[in-house]
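Subject: Structure for your review

Dear colleague,

Please find below the structure that I am handing over to you. My notes on it follow.

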Protein chains: 2
Amino acid sequence: MMTDLEKQIQFIMELDKIKHIIRRNYLADGSRRENDAEHSWHLAVMAMVLAEHANQKMDVLRTIKMLLIHDVVEIDAGDTYAYDANGHKDKREREVKAAERIFCLLPGEQAIEFRKLWDEFEEMETAEAKFANALDKIHPFLLNAASNGRSWKEHGIKKSQVIKINERTHEGSEALWQYIKEQIDLQTANGNLQ
Amino acid sequence: MMTDLEKQIQFIMELDKIKHIIRRNYLADGSRRENDAEHSWHLAVMAMVLAEHANQKMDVLRTIKMLLIHDVVEIDAGDTYAYDANGHKDKREREVKAAERIFCLLPGEQAIEFRKLWDEFEEMETAEAKFANALDKIHPFLLNAASNGRSWKEHGIKKSQVIKINERTHEGSEALWQYIKEQIDLQTANGNLQ
């Protein structure tokens, strides 16, 4: 029989694998692609820095918790590229199965708490989840812009696709949506985006 | 003149550099060394999972915020290995200078807030800072243990040194200190630690 602490440590060590899940976007300097742990850290910092721009008053701790764990399902399910229509067909199914395995490593009540946070992020209904999802889309945009559109160019991504991916950003933050719209125009004008 | 939002985005993009700061310890599978962004993400998750084991009731949001930004000074100051006595001589001076530059990228009041969080972590006086510092020491221990002591072996680290590094863990969490003590004995018994 494992103690609760042993179960918690097992969960923490299992999550180390997220450092091997490689995303499509590059770091700001374009030197290499980013992994899920780095992405999740950066999102949590963004929530800390940008919380005042949320449309609605929110619980910043819950927003950060969601962001810290929103991608752990990719340990089993892999990263599905935002512009991969085919990969999105069974994404939900693969990720739910992963959530069931991974969060259940935790002691009973905590497993439920973590699963609820993941569900909340996915459902995108609360103020916290809307803001967290807005950051999750803005973050690769900022890194793509900083790295001269390297990932956009590699995959032939068009301005209309970037607008579509970010179309719900305004639900989390009107201020960030206005900022991103201007940046999309700039990135189109300078040729990083088709 | 930059708007507050532009300053915040500039700070967020500057922090991307932390993904290039390489630590001494390896990932759990021993495949490569860890960077500061991955370490900071893992610590924030640990705070989320292990908060109940803190000696004193604490504000988990403040603990997580401290952990998310505690290493950003290493962008300028570099990572100082825990067992490098020489590197520790001017560590404080190098890091304070870095804190002054990096946090001042933020708008005025927020720059002060972030600097205070960093100072709080460093001073290790509050319940939040004591717990955060305990996690900061336990984390590389767990990864070293998982990777068969690879980093300890490379640097000829002894049991007594690991005990010394973790000696203040009990101030943040008696429960975690008991656990780590047992694990140090195990790692010595199996030869990973001299």
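How many residue pairs are in polar contact between chain A and chain B? The count is 26 residue pairs, with both residues at pLDDT 80 or more. Please note that this is a predicted model.

The side of chain A that touches chain B draws at least two residues from each of α1 (4-14), β2 (33-35), α2 (36-50), α3 (60-69), α6 (108-123), α7 (127-146) and α11 (174-189) of chain A. Of these, α2(A) contributes the most, with 11 residues. By class, that side of chain A comprises 32 nonpolar, nine polar and nine charged residues.

Taken as a whole, the contact involves 50 residues from chain A and 50 residues from chain B. The area buried between the two chains is about 4,200 Å², and carbon and sulfur atoms give 76% of it. Within chain A, the residues that lose the most area to chain B are A:Lys19, A:Trp41 and A:Met48, which together account for 19% of what that side buries.

A:Lys19 also forms a salt bridge with B:Glu34, where the closest N and O atoms are 2.7 Å apart. In total, two salt bridges are counted between chain A and chain B.

Finally, I would draw your attention to one helix of chain B. Helix α7 (residues 127-146) of chain B has 20 residues, so at 1.5 Å a residue it should span 28 Å; its end C-alpha atoms are 28 Å apart, in agreement with this. α7(B) is mostly covered, as 18 of its 20 residues are buried. After α7(B) comes B:Asn148, which has a positive phi, near 55°.

With kind regards

Notes: Residues are numbered from 1 along each chain as its sequence is written. Chains are lettered from A and ligands numbered from 1 in the order in which they are written. This is a predicted model: local features need pLDDT of at least 70, side-chain atom pairs count only at pLDDT 80 or more; totals for chains, interfaces and linings use all residues. Side-chain values use heavy atoms; hydrogens and water are left out. Contact means heavy atoms within 4.5 Å. Buried area is the accessible area (1.4 Å probe) that two parts lose on being put together, summed over both. A salt bridge is a side-chain nitrogen of Lys or Arg within 4 Å of a carboxyl oxygen of Asp or Glu. A polar contact is a pair of N or O atoms within 3.5 Å; within protein, one must be able to donate a hydrogen and the other to accept it, and residues adjacent in sequence count only if both atoms are side-chain atoms. Helices (H or I, at least four residues) and strands (E, at least two) are DSSP runs, numbered from the N terminus. Ala, Val, Leu, Ile, Met, Phe, Trp, Tyr, Cys and Pro count as nonpolar, Asp, Glu, Lys and Arg as charged, and the others, Gly among them, as polar. The expected span of a helix is 1.5 Å times one less than its number of residues. Buried means under 20% relative accessible area, exposed over 50%, partly exposed in between (1.4 Å probe, protein chains only).
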